[in-house]
Amino acid sequence: MAKLNIIVGTMYGGALDVAEQVKPLFENVGYEVDIIEQPSVDHLQADLVLFCVSTTGSGDFPGNLVPFVRALSAQSPALTELRYGLIAMGDSSYGDTFCGAGRKLDELLQDLGATRLDERLEIDAMETFMADDAALPWVEAWIERQALSGV
Ligand SMILES: Cc1cc2nc3c(=O)[nH]c(=O)nc-3n(C[C@H](O)[C@H](O)[C@H](O)COP(=O)(O)O)c2cc1C
């Protein structure tokens with residue numbers, strides 16, 4: 001069975017909630033899914049990785065993700081095998097730092113050679129009261145577009 005790790009970066013649980021809501025969509029198409037809240041670089045060794053990452057401070061990573069990002073930056077592993085998707089959560093009232101953590105992580109992963117499948121989803125708390133309302137249809141379409149089913 002193909003393996004999907006959903007790596008979560010959250011302060012208040014919104015990104016974790018999104019991860020829990022989308023998990024069954026992947027299970028329905030044959031993935032074994034783990035939600036990871038204390039990720040290490042080893043968790044990138046899966047058939048597919050989905051990041052659900054909110055932003056705190058001034059474009060900063062949520063605390064639970066900081067050791068992971070530090071390890072990635074310090075070790076600079078070659079991630080040429082990694083295929084990933086990324087859901088960034090933020091609030092456009094923060095201006096320039098909107099979805100800053102998700103954007104920075106995306107850049108770092110690509111610098112390390114990883115391949116993002118499709119565009120990043122950015123969920124704006126100013127526009128979307130329930131993040132799931134944006135995340136669920138996006139993930140459904142993502143699975144379809146990237147032909148991720150049937151594994
Ligand atoms: C103290 C604080 C700082 C924040 N800073 C930013 C920011 O710089 N950029 C941004 O896009 N959103 C920012 N946000 C908004 C959160 O990213 C957004 O509300 C997100 O949905 C929270 O997700 P979570 O429940 O997973 O922590 C901030 C929120 C708080 C409470």
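Student: Is Leu4 buried or exposed?

Tutor: Leu4 is buried, because its relative accessible area is 0%. Keep in mind that we are looking at a predicted model.

Student: How far is Leu4 from Ala141 in space?

Tutor: Their C-alpha atoms are 17 Å apart, and 137 residues separate Leu4 and Ala141 in sequence.

Student: Let me zoom out. How many helices and strands does the protein chain have?

Tutor: There are 4 helices and 6 strands in the protein chain. Starting at the N terminus, their order is β-α-β-β-α-β-α-β-β-α.

Student: What share of the residues is buried?

Tutor: Buried residues account for 49% of the 151 in the protein chain.

Student: What about the surface and the charges?

Tutor: The accessible surface is about 7400 Å², and carbon and sulfur atoms hold 46% of that. As for charges, the protein chain carries 9 positive and 24 negative side chains, with the centres of the two sets 5 Å apart.

Student: Back inside, then. Which residues have the most contacts inside the largest nonpolar core?

Tutor: Those are Ile6, Phe26, Tyr31, Leu50 and Ile87, in a core of 29 residues. Elements that give two or more residues to this core include β1 (2-9), α1 (14-28), β2 (31-36) and α4 (131-145).

Student: Which element gives the most to this core?

Tutor: That is α1, with 7 residues. There is also a second, separate core of 26 residues, and Ile36, Val49, Val53 and Leu79 are among its members.

Student: You mentioned Ile6. What does Ile6 touch, not counting residues up to four places away in sequence?

Tutor: Ile6 touches Ala19, Val22, Lys23, Val33, Asp34, Ile35, Ile36, Leu50 and Cys52.

Student: Now a helix, please. Where is Leu105 found?

Tutor: Leu105 is in helix α3, which covers residues 100-111. Leu105 has a relative accessible area of 0%, so this residue is buried. Beyond its neighbours within four places in sequence, Leu105 is in contact with Phe51, Val53, Phe61, Phe68, Val69, Leu72 and Leu86.

Student: What about Cys99, where is that one?

Tutor: Cys99 lies in the loop between β4 and α3. Its phi is near 55°, a positive value in a residue other than glycine. Cys99 counts as buried because its relative accessibility is 0%.

Student: Which loop holds Asp118?

Tutor: Asp118 is in the loop between β5 (115-116) and β6. Asp118 is not a glycine, yet it has a positive phi of about 75°. With a relative accessible area of 22%, Asp118 is partly exposed.

Student: And Gly113, what does it touch?

Tutor: Leaving out residues up to four places away in sequence, Gly113 touches Leu79 and Thr80. Gly113 and Thr80 are 33 residues apart in sequence, and their C-alpha atoms are 4.6 Å apart. You'll find Gly113 in the loop between α3 and β5, and it is partly exposed at 28% relative accessible area.

Student: Last one! Where is Thr115, and what does it touch?

Tutor: Thr115 is found in strand β5. Thr115 touches Leu82, Arg83 and Tyr84, again not counting residues up to four places away in sequence. Its relative accessible area is 39%, so Thr115 is partly exposed.

Conventions:
Residues numbered from 1 in each chain as written. Predicted model: local features only at pLDDT ≥ 70, side-chain atom pairs only at ≥ 80, totals over all residues. Heavy atoms only, no water. Buried < 20%, exposed > 50% of the residue type's maximum accessible area, 1.4 Å probe, protein only. Areas by Shrake-Rupley, 256 points an atom, 1.4 Å probe, with all protein chains shown as cover. Lys, Arg positive; Asp, Glu negative; His and termini not counted. Charge placed at Lys NZ, Arg CZ, Asp CG, Glu CD. Core = buried A, V, L, I, M, F, W, Y, C linked by side-chain atoms within 4.5 Å. Contact = heavy atoms within 4.5 Å.
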